[in-house]
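Here is a short briefing to read alongside the structure. Have a look at the chain first, and then we can walk through a few spots together.

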Amino acid sequence: MAKKRKKQRALLPFRLNVLFVIVFLLFSALILQLGVVQIINGEEHQAVLEETTNDIAEISVPRGMIYDSEGNVIVGNEPVYSITYTPPKNGDPADKKLEIATKLADIMKMDDKAIEKITEREYKEYWYLLNAKEADSRITAAEKESLDDSEIYQTTLDRITEEDYKELEQDDHAKQIIAIKRELDSATELVPHVIKNKDVTEKEYATIAESMGDMHGINVTTDWERYYPYDGSLQGILGSIKTGIPEGEEDYYKSRNYQLNDRIGTSGLEMEYESLLKGDKKRVRYITDNQNNIVSTETISEGQRGQDLQLSINMEFQKELDKIVQEELRSAINRHPGANRHLEDAMAVMLNPNTGQIYAASGQHYDRENNEYESADMNTVFSANAVGSTVKGATLLAGYQEGVINMGDSFYDTVMNIAGTEPKGSYRNMGPTTDLQALQKSSNVYMFHVALRLGGEYNYQPNQSVSFDSSSFQVLRNYYNQVGLGVETGIDLPSEATGYVGSEGLAGNLLDFSIGQYDTYTTMQLAQYISTVANGGYRIKPHFVSEIHEPSNEKDKLGPLAETKSPEVLNKITATDEQINRIQQGFKLVFQSTDGTAYRHLSKEARGYNIAGKTGTAETTKDGTDLENWTLIGYADAENPDIAFAIVVPNLGIINGGQQYPITYEIANRALEYYYEHTSPEDEETAE
């Protein structure tokens, strides 16, 4: 027994020695490894620790401003408090953004529009972040094996029910968090993204400024918002901007160096001149470590805000035209409320016929449901209507050029009866009528004869069928196109309507076409047409922008001139000077002879302006009611014109036994009076 205990005592030191040897070897290996790391690979590992990334971020600058012809600001930039979020490189994870959004929601409030935009998916995503473990449990292991990460996430969201998140829809604080997180999700790495810049209160601004250290990437600064000193006037034509690349146009804008959160012109002049208004972005270099923390920043370029546009629009004239059109529309509706129950719109354009510069363009709409009048200036380029007899000058030009009539030819004006077609005539039988009288008194029958001859029919016989070449529709359209009817005017807007083109090739349709009761045209097309006649045959692009200026250092002042928009001639019509002069003579008779269709409706002042032009009435129907479109085009002075106009009022009621309110003439009278009393025409470049 003693011998056994002695043997055990002998084994104990041996085991301790083995343990000590093992510990010694382990420590030796550790020391050796540390030596390798520090001595042999020390510099390499230190370089990894100190490794940084150099990134360039481009930051948007304020847009260029828009001024009127007198240098008054129409669209400006107003400084506003702003709350921004700048994500680190590679962005923040969802839970981090949720944490930031939650803290911000305790301090500031998003507006109602932001709350109203919350989608079902956003409710689900927020619920998921709060209940990730429960949501993940709804996906089986087998499903996870067969799906990729994005499919797993989508399936998880699909299995979140309305019952799960319905309480969130009633939780105002939760909705604030969701709206804020939406903005955080929209941000681009290293680029400041505006979370809120409308109605940021001083308290919100100050509190967030004090708390920025607790909210990674959040900053308070001064941003800008568009403001409109002439609110409500010309708003559609000026256009609008929005934050974010329009859906479906990502490739287009990204190829032009746009970020997802840039502000972009989406309509009107804002869109048409986007490349000038957007400016050159500020460029900042960010140095980030291997943990994506920003180590330092350096401004490479301060950038340059966008160039400024100066319009040919005189805003005082524009405001007055808006007022005139709206008041006369209201008068017509109130004067004959029963007959004019379908009357809702009126449009007017005033421009320089020699340069295409638009002085004022107004569209007014009556919202019957809410009993309100509102600006609808884009109707001048998008609302196409049958315009009636205003096209008769173009019809005669076609007849002259095709050789089917000669200047001075006469036709007997009486009702025409063509087999298979309703009787057609002028508003009264005029007897023998020359081409000038056909314009002066607005003879339909004269135009019918021109149209039939264009189709090859020279031997009209009452109650007989006629033989004509259906290609005459296109022949007449080609001549109409020359003066601007039925084609794009080329106006400096992103798009415009060209009107309806009739497709039935019947004889009666050809006759209607020749008097403006088949195809349809916009007010701007009529303005281009009358300008073409007024200036001697040059079809010129109408345009709003007259000059482009570099940004100024003075507030709300135009900077150095960068570019002047010269008149752009689209085509010279093929009519001879003598033929154009003939139409000008007829147009002058319309306004200045006592037998002219416009004369009796002119004010005393307007009769002194030496106006030339054409009246028009087109028959139309709406909801089974017979109606009329009234149009009026003209220019003054007839010998040396500096202004042309086009006025369209669709869907006037027909007054039985009474006189309809002469709305188009009243608009013309008042607009021309204001122009000549308050606007001094300057010497401007004319087309050659």
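Let's start at helix α8, where the cover over its buried residues includes α5 (120–130), α6 (132–136) and α7 (141–146). Keep in mind that this is a predicted model. The mean pLDDT of the protein chain is 90, and 92% of its residues reach 70 or more.

**Helix α8**
- This helix spans residues 149–158.
- Its buried residues are Ile-152, Thr-155, Thr-156 and Leu-157.

**A nonpolar surface patch**
- On the surface, Val-23, Phe-27, Leu-30 and Ile-31 make up a nonpolar patch.
- Leu-30 sits in helix α1, which covers residues 2–40.
- With a relative accessible area of 47%, Leu-30 is partly exposed, because that class lies between 20% and 50%.

**Around Ser-383**
- You will find Ser-383 in the loop that links α17 (379–382) to β14 (384–385).
- Ser-383 counts as buried because its relative accessibility is 18%, and the cut-off is under 20%.
- Beyond its neighbours within four places in sequence, Ser-383 contacts Met-347, Tyr-521, Thr-522 and Thr-523.
- The side chains of Ser-383 and Asn-385 are joined by a polar contact of 3.3 Å.

- Over residues 682–688, pLDDT stays under 50.
- For that stretch, the model has 14 contacts beyond four places in sequence.

Notes
Residues are numbered from 1 along each chain as its sequence is written. This is a predicted model: local features need pLDDT of at least 70, side-chain atom pairs count only at pLDDT 80 or more; totals for chains, interfaces and linings use all residues. Side-chain values use heavy atoms; hydrogens and water are left out. Patches are made of residues with over 30% relative accessible area and no salt bridge: like charges are joined within 9 Å, nonpolar side chains (Val, Leu, Ile, Met, Phe, Trp, Tyr) within 5 Å. Accessible areas come from the Shrake-Rupley method with a 1.4 Å probe; for residues, only the protein chains shown count as cover. A salt bridge is a side-chain nitrogen of Lys or Arg within 4 Å of a carboxyl oxygen of Asp or Glu. Helices (H or I, at least four residues) and strands (E, at least two) are DSSP runs, numbered from the N terminus. Buried means under 20% relative accessible area, exposed over 50%, partly exposed in between (1.4 Å probe, protein chains only). Contact means heavy atoms within 4.5 Å. pLDDT is the predictor's confidence in each residue, from 0 to 100. A polar contact is a pair of N or O atoms within 3.5 Å; within protein, one must be able to donate a hydrogen and the other to accept it, and residues adjacent in sequence count only if both atoms are side-chain atoms.
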